[in-house]
Amino acid sequence: MFAAERRQLILEMVRANGAVSLRELARVVQTSEVTVRRDVRALEAEGLLDRRHGGAVLPGGFTRESGFPQKSHLATAEKTAIADLAASFVEEGEAIVVGAGTTTQELARRLARVPGLTVVTNSLLVAQALAHANRVEVVMTGGTLRGSNYALVGSGAEQSLQGLRVSRAFLSGSGLTAERGLSTSNMLSASVDRALVQAASEVVVLADHTKLGTDTMFQTVPTDVITRLVTDEPPGHDDRAATELQALADQGVQIAVAGSSSNGSSSGSGGDSVPAGRQPRRDVPLPGPRRGQVPGAGPGLRSATVLGGDQPPSERARVADMRRR
């Protein structure tokens with residue numbers, strides 16, 4: 001494929017999806033990420049798109065919302081790893097709320113194995129994933145169906161959440177920054193997500209690295225309300241995503257990083273100290289192969305590093321070097 005053809009296809013993908021990762025662009029145009037990054041840089045110089053950490057978005061700083069068919073094919077490996085790790089936070093007999101999205105749909109598929117669980121959701125996809133789970137009770141909100149993401153929105157959905165109290169809310173969105181927190185491109189979806197947050201004692205955000213540093217129109221969860229972020233490890237060249245993770249950790253957000261490297265290991269990046277007045281972070285179990293199992297962990301568990309915990313000297317040196325850059 002000639003450079004002009006590649007760049008036209010890249011531009012069409014960004015216009016169709018709003019935001020696309022370099023990894024996905026390289027897969028579609030069948031070339032390396034290095035070549036795609038060069039193409040994206042050239043298209044940005046022409047004002048046709050904006051570069052973001054690990055990807056490209058529509059020009060103007062705010063991405064528009066993609067439809068479900070487009071979202072379901074983006075960052076699939078990362079979403080799977082994030083869902084695996086997020087499911088490890090859910091305990092038997094809990095009552096939780098799960099918002100709409102492709103990442104939360106992946107989470108719901110794993111929650112089907114948690115006995116005694118009660119899940120409140122406005123997502124038809126989440127409800128469908130749990131429909132045949134014998135020991136999970138599913139409670140759906142009311143509202144008007146929004147076909148682009150198969151979610152119930154509007155005053156009916158918000159009113160049905162009044163008076164509800166659960167332990168945790170699991171939400172995803174279109175973008176996440178340390179400055180504004182989680183955001184989305186649709187006003188109705190944002191309103192329902194805020195109502196879901198009001199019902200929960202803790203808020204867990206599920207966002208892959210392509211959403212870090214991306215800002216969209218409607219804020220759903222301010223940074224100081226987010227208890228924990230579950231994400232994947234940014235590529236080594238993605239300094240912007242690593243910087244955004246550090247900024248979120250500095251504001252007290254617990255960062256759980258699901259490993260998605262080719263050797264199956266998991267790792268974290270970020271701060272070497274706990275922000276003042278915040279509880280220390282801890283290591284959390286991540287389902288995975290027995291290879292590299294942590295002593296004392298359950299069968300088939302390996303560790304996922306959480307930002308802000310004790311880091312080895314080599315990791316602290318890497319973080320210090322990142323901050324200097």
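How many helices and strands does the protein have?

**Figure 1. The whole protein in overview.** The protein has 11 helices and 17 strands, taken as DSSP runs numbered from the N terminus (helices: H or I, at least four residues; strands: E, at least two). This is a predicted model, where local features need pLDDT of at least 70, side-chain atom pairs count only at pLDDT 80 or more, and totals for chains, interfaces and linings use all residues. Residues are numbered from 1 along each chain as its sequence is written, and side-chain values use heavy atoms, with hydrogens and water left out. Of the 325 residues, 53% count as buried (buried is under 20% relative accessible area, exposed over 50%, partly exposed in between; 1.4 Å probe, protein chains only).

**Figure 2. Helix α2 and the residue that follows.** Helix α2 spans residues 22-29, and its buried residues are Leu 22, Glu 24, Leu 25, Ala 26 and Val 29. Look just past α2 to find Gln 30, with a positive phi of about 60°.

**Figure 3. Leu 124 in its helix.** Here you can see Leu 124 in helix α7, which covers residues 124-130. Leu 124 counts as partly exposed because its relative accessibility is 32%.

**Figure 4. Asn 149 in its loop.** Asn 149 is found in the loop between β7 (144-146) and β8 (151-153). Is Asn 149 buried or exposed? Its relative accessibility is 14%, so Asn 149 counts as buried. Thr 102 is 47 residues from Asn 149 in sequence, and their C-alpha atoms are 8.6 Å apart in space.
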